[in-house]
Amino acid sequence: MGLMEQKRHFSVNLLDWYMINRRDLPWRRHNNPYFTWVSEIMLQQTRVDTVIPYFNRFIGNFPTIQALAEAPEEDVLKNWEGLGYYSRARNLQAAARQVMELHGGEMPQDKQAVFALKGVGPYTAGAILSIAFNQPQPAVDGNVMRVLSRYFLIDEDIMKGSTRVLMEELAGELIPEGRARDFNQALMELGALVCTPKAPHCLTCPVMEQCSGRIAGRELTLPVKTKAKPPRPEQRLVAIVEGRGDHHGQVLVRQRPDTGLLARMWELPHVLAAPAAAGKKAAPLADEPAMALLAGSLWAEGFAARPEGLATHAEHVFSHIVWSLQVYKCTEQDQTGELPLIAAEARAAYDAQAAAGEATALSSAVLPESAATHSSEPSAPEGQNVRTGKGDGLTYRWIGPEDMEKMAFPNIFLKLISSYFAGAYEDVRE
Ligand code: SF4
């Protein structure tokens, strides 16, 4: 078989298959560029089944680009809560504002203009232009590269930029005239349903007859992909500070800085206990120095609290970091002169442990690590409970269960705080 015939076979059979087997997904029911855009951003790193309810709720609450552009950021993050990779939501809103300012609220149809939108890379630009406007633009992501590597028996490393360029050229050539919208979705659908990463269903594949990878018995060894760097492990100590007096029934939360990981989301106060080498698990700290370190850290942030005991362990995996969390229940204390002592003791205990080789000493271990990246003007929500931490400009709040509805938390803190309010850590004592 010649290459031309192999390409023709792929395009024709794939398209025929898709027209019969395509899934009915909410964003496919209209050729609305905004819906395509939102769905493509949500689908990055996230499964279709997970995305569907988020998409429906998001579009229900922000039905137009204008509605998204004008919404408070807190609302947008709240609608994204649980999907992860929150910079996607912030970029989406920033780009909606770009569309309002530069394009009168209409999604541009020009490749450069779409590509210039915040958070839109070559794949998303290609997906928007082809799916919403039927323009013959390739939309090449990891799934598409896997299918093309196998079908055309391409041995190039798909992590390399040069391979992506090659794949984009090839994918562009495969689009049948006037059928970009259906063809690109067909290619994505084949990668999602048939030519799957670990167990491709070659026997039911619409292009199996001329698939070079299958014929060569290489369907399981392609694509070639160099391993990404393993995420960096971090051991962190987390405080669930239980309020007293005016704060009875509430816990202390703080808002992350304006930039960096999980920017502007709310979290429980926590401090880095010890980093570990990439690929190695971070070692837990013994409870005594951990609690002393946490008390010292909270004091440095302007809060007097006494750790009562370990509530739970938890883990949260980001693409480049793994947090191993030791979560301690703490009780709010009066601001007395004794607490600086706790900070000093914390430092001494921590250094002693570090000297014994049980942890890696950090010169700023009792200071909140966020101090270096703090916001000068944090966007504090309305409320009497809002205050600024000592010296670093971060915003803190005492919250009750009712506040969980309005504020956006990363998943891990949402779970911990919800568990606390549900009474999960009531028995914790030193
Ligand atoms: S025949 Fe197998 S390897 Fe080839 S494209 Fe289809 S599912 Fe993928």
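Which residue in β6 stands opposite Ala305? Glu332 does.

This is a predicted model: local features need pLDDT of at least 70, side-chain atom pairs count only at pLDDT 80 or more, and totals for chains, interfaces and linings use all residues. Residues are numbered from 1 along each chain as its sequence is written.

**Strands**

Helices (H or I, at least four residues) and strands (E, at least two) are DSSP runs, numbered from the N terminus. Two strands pair if DSSP finds at least two bridges between them. β6 pairs with β5 in the antiparallel sense. β1 and β6 run parallel.

| Pair | Residues of the partner of β6 | Sense | Bridges |
|---|---|---|---|
| β5 and β6 | 305–317 | antiparallel | 11 bridges |
| β1 and β6 | 232–242 | parallel | 11 bridges |

Strand β6 itself covers residues 321–332. β5 and β6 form a hairpin, with 3 residues between them. Arg306 has Thr331 in β6 as its bridge partner. Tyr328, also in β6, stands opposite Ala239. In a regular strand, side chains alternate between the two faces of the sheet.

**Helices α9 and α10**

Helix α9 spans residues 142–151, and helix α10 spans residues 161–174. They pack at an angle of about 80 degrees, with their axes 11 Å apart. Axes are lines fitted to C-alpha atoms, for helices over the stretch in contact, and angles run from 0 to 180 degrees between N-to-C directions. α9 and α10 are therefore roughly perpendicular to each other. Angles under 35 degrees count as roughly parallel, over 145 as roughly antiparallel, 65 to 115 as roughly perpendicular and the rest as oblique.

From α9, Val144, Met145 and Leu148 meet Met167, Leu170 and Ala171 of α10. Contact here puts the C-beta atoms, placed from the backbone, within 7 Å. The residues of this contact are 6 nonpolar, no polar and no charged. Ala, Val, Leu, Ile, Met, Phe, Trp, Tyr, Cys and Pro count as nonpolar, Asp, Glu, Lys and Arg as charged, and the others, Gly among them, as polar.

**Ligand shell**

The ligand is surrounded by 15 residues. The closest are Cys195, Cys202, Cys205, Cys211 and Glu219. A residue is near a molecule if its C-beta atom, placed from the backbone, lies within 6 Å of it. The shell holds 10 nonpolar, 2 polar and 3 charged residues. α9 and α12 (212–215) each supply at least two residues of the shell. α9 gives the most, with 3 residues.

Terms used. Two residues are in contact if their C-beta atoms, placed from the backbone, lie within 7 Å.
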